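Good morning, and thank you for joining. Please look at the sequence and the model on the screen while I describe the fold.

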Amino acid sequence: MPDTSPKENSNYALEKLRDLLRHGDVGAEGKLPTERTLSEKLGLSRRAIRRALEVLEAEGAIWRKQGSGTFVGQKPHEWSDQLETIVAGTNFMEIMEVRLRIEPQLAQLAALRAKGSDIDRMRELAQKILGSEDADAKELWDGALHRQIAQAAGNLLFLSIFDVINRVRQDDAWQSIRERARSNANTMSISSAQHAAIIDAIAARDPAKAGEAMRRHLLMLQERLIRQTSMDHLEDDPIGDVS
């Protein structure tokens, strides 16, 4: 006769694992313990644990990544696994080229679809940028403002692409270049006025004006970044400066 003890009972194992997931008894980043650890912790056979995990995976309650382990929740999109590689292999000019092609369109869509609460939040974030006293805070709130505009556009695919681009803001090298590029008060004043123009156009439900305001803002940023990286290059290689 087959062993029907609780230790070998896959249904019992499934019940115990559901309890574990409900109580959030998981590791960092939602990672479950290994099958061996679960077997020892729950007093169940590894065979029963494995079968119960297969059911949970089929239900979408967990997902597995070979070589990394088992995680709680839905499996993320495959492209997200490549995000770090994409970011590491991207330079700021490539980022600006993409931003110039999608963010004006996002501003246009936001002018058509933004709710009153979205616009109020944009104005609050613009004020947060002005009130920030250090570069890290300014970068944080600037990113939040641009993402709020992208979110107000109401297109999840566009928002996903924006988030990939925005991920570069977390790179130390990018932040350092941005900080130097906008280090003078004139740049900050222009940027603040441009943010206000973008938000005003969105509030006025004027897609063409919103898109153009965003385009001018990003062109200004691109020009400042090019100038700053050119200055960095001359400082690193003064012999090359023959002018």
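Predicted model: local features only at pLDDT ≥ 70, side-chain atom pairs only at ≥ 80, totals over all residues.

Of the 243 residues of this protein, 38% count as buried.

Let me turn to the secondary structure. The protein has twelve helices and two strands. Starting at the N terminus, the order is α-α-α-β-β-α-α-α-α-α-α-α-α-α.

The strands deserve a brief description. Strand E1, residues 62–65, and strand E2, residues 69–72, run antiparallel and are joined by four bridges.

Which residues touch the most other members of the largest nonpolar core? They are Met122, Leu145, Ile149 and Ile202, in a core of 26 residues. Helices H6 (92–113), H7 (116–131), H8 (135–152), H11 (185–203) and H12 (207–236) each supply at least two residues of this core. Apart from this core lies another, of 14 residues, including Leu17, Ile49, Ala52 and Leu53.

Consider Ile202 in more detail. Leaving aside residues up to four places away in sequence, Ile202 touches Ala107, Ala110, Ala111, Ala114, Ile119, Met122, Ile149 and Ala210.

Finally, a word on contacts across the chain. Among contacts between residues at least 6 apart in sequence, 68% join residues at least 24 apart. Thank you for your attention.

Notes. Residues numbered from 1 in each chain as written. Heavy atoms only, no water. Buried < 20%, exposed > 50% of the residue type's maximum accessible area, 1.4 Å probe, protein only. Contact = heavy atoms within 4.5 Å. Pairing = 2+ DSSP bridges. Core = buried A, V, L, I, M, F, W, Y, C linked by side-chain atoms within 4.5 Å.
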